[in-house]
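The entries below record what I looked up.

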Amino acid sequence: MKYLHNIGTYFLMIGEMFHKPTKWSVMKKLILKDIDDLIIGSLGIVAFISFFVGGVVTIQTALNIDNPLIPQSLIGFATRQSILLEFAPTFVSIVMAGKVGSFITSSIGTMRVTEQIDALEVMGINAVNYLVFPKFIALMLYPFLICIGMFLGIVGGLVACMYGGFSSPEAYITGVQLDFDPFHITYAFIKTCVFGFLLATIPSYHGFYMKGGALEVGKASTTSFVWTSVFIILLNYLLTQMLLS
């Protein structure tokens, strides 16, 4: 019953997020602040992870292709498929669940502990719209981050090929271009938008409805990371089954 209660409260929060909107002059500042905190502030970690994951995928693919009859261009092809379909949208999203999700839960949870949310509600402000909606809008720009991650992952694979001597840059680039299906980009961005929605709402739920003091803020951050990661992996399976099967 507890899980059913939490699921119902979560969907009620999503509905409340669009009711009684805050004035645009105030909301605009909140959205820009959240874009800076959640998107711009995550560029560095996404770029770092994507570049080196792309290099690792390339090295592992090259080391497992020891048959001289297999063309070296297959290294670029395998790297592109791995980065576009899985590593950039899903792996980065799980990392972001730790970085962005914990930040959202702790910031909203601290406001709950210090009774700032109660003060907003006393003033007649829709606290869910005021706190959660800007984060939802900011994370709708999340595909921009994943696009950068895809590019840097493929570049990281190219650098690994060049300096590791696994294949020539020409063969790698040929493999990247080989048999390209544009729908794979669409599939990745659909997943990314869904994951961005989860990253905005699940941590917000755990921060908004938490109870207790400062210690519980840390526990809520850990819980939000776990559940966000679980639903990212679950929806990753369902979306892959629906879109690619």
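**Entry 1: the model.** I note at the start that this model is predicted.

**Entry 2: helix α11.** I looked up the extent of α11 and found that it covers residues 214–244, which is 31 residues.

I then asked which residues of α11 are buried. I listed Val217, Ala220, Ser221, Ser224, Thr228, Ser229, Ile232, Asn236 and Leu239. Against which elements do the buried residues of α11 pack? I found α4 (73–113) and α10 (183–208).

**Entry 3: the largest pocket.** I recorded a space of about 930 Å³ in the largest pocket. It is lined by 24 residues, and those closest to its centre are Asn6, Tyr205, His206, Thr223 and Trp227. Which element gives the most to this lining? I found that α1 does, with eight residues. I also noted that α1 (2–17), α10 and α11 each supply at least two residues of the lining. By class, the lining of the largest pocket has 15 nonpolar, five polar and four charged residues.

**Entry 4: the second largest pocket.** I recorded about 180 Å³ of space here. Among the residues that line the second largest pocket are Leu30, Asp34, Phe103, Met111, Tyr130 and Lys135. The elements that give two or more residues to this lining are α2 (24–39), α4, α6 (127–131) and α7 (133–138). I sorted the lining of the second largest pocket into seven nonpolar, one polar and four charged residues.

**Entry 5: the cavity.** How many cavities of 30 Å³ or more does the structure hold? I found one. The volume of the largest cavity is about 40 Å³. I listed its lining as Ile49, Ser50, Val53, Ile83, Phe87, Ala88, Phe91, Val92, Gly149 and Gly153. Two or more of the lining residues come from each of α3 (43–63), α4 and α8 (142–164). The most come from α4, with five residues. By class, the lining of the largest cavity has seven nonpolar, three polar and no charged residues.

Entry 6: I marked α4 for a second look. The buried residues of α11 pack against α4, and α4 gives the most to the lining of the largest cavity.

Definitions and conventions. Residues numbered from 1 in each chain as written. Predicted model: local features only at pLDDT ≥ 70, side-chain atom pairs only at ≥ 80, totals over all residues. Heavy atoms only, no water. Helix = DSSP H or I, 4+ residues; strand = E, 2+ residues; numbered from the N terminus. Expected span 1.5 Å × (residues − 1). Buried < 20%, exposed > 50% of the residue type's maximum accessible area, 1.4 Å probe, protein only. Contact = heavy atoms within 4.5 Å. 1 Å grid on protein atoms, 1.4 Å probe; cavity = no way out; pocket = protein on both sides within 12 Å on 5 of 7 lines; lining within 4 Å. Points joined across faces, edges and corners; volume = space filled by probe spheres on them. Nonpolar A, V, L, I, M, F, W, Y, C, P; charged D, E, K, R; others polar.
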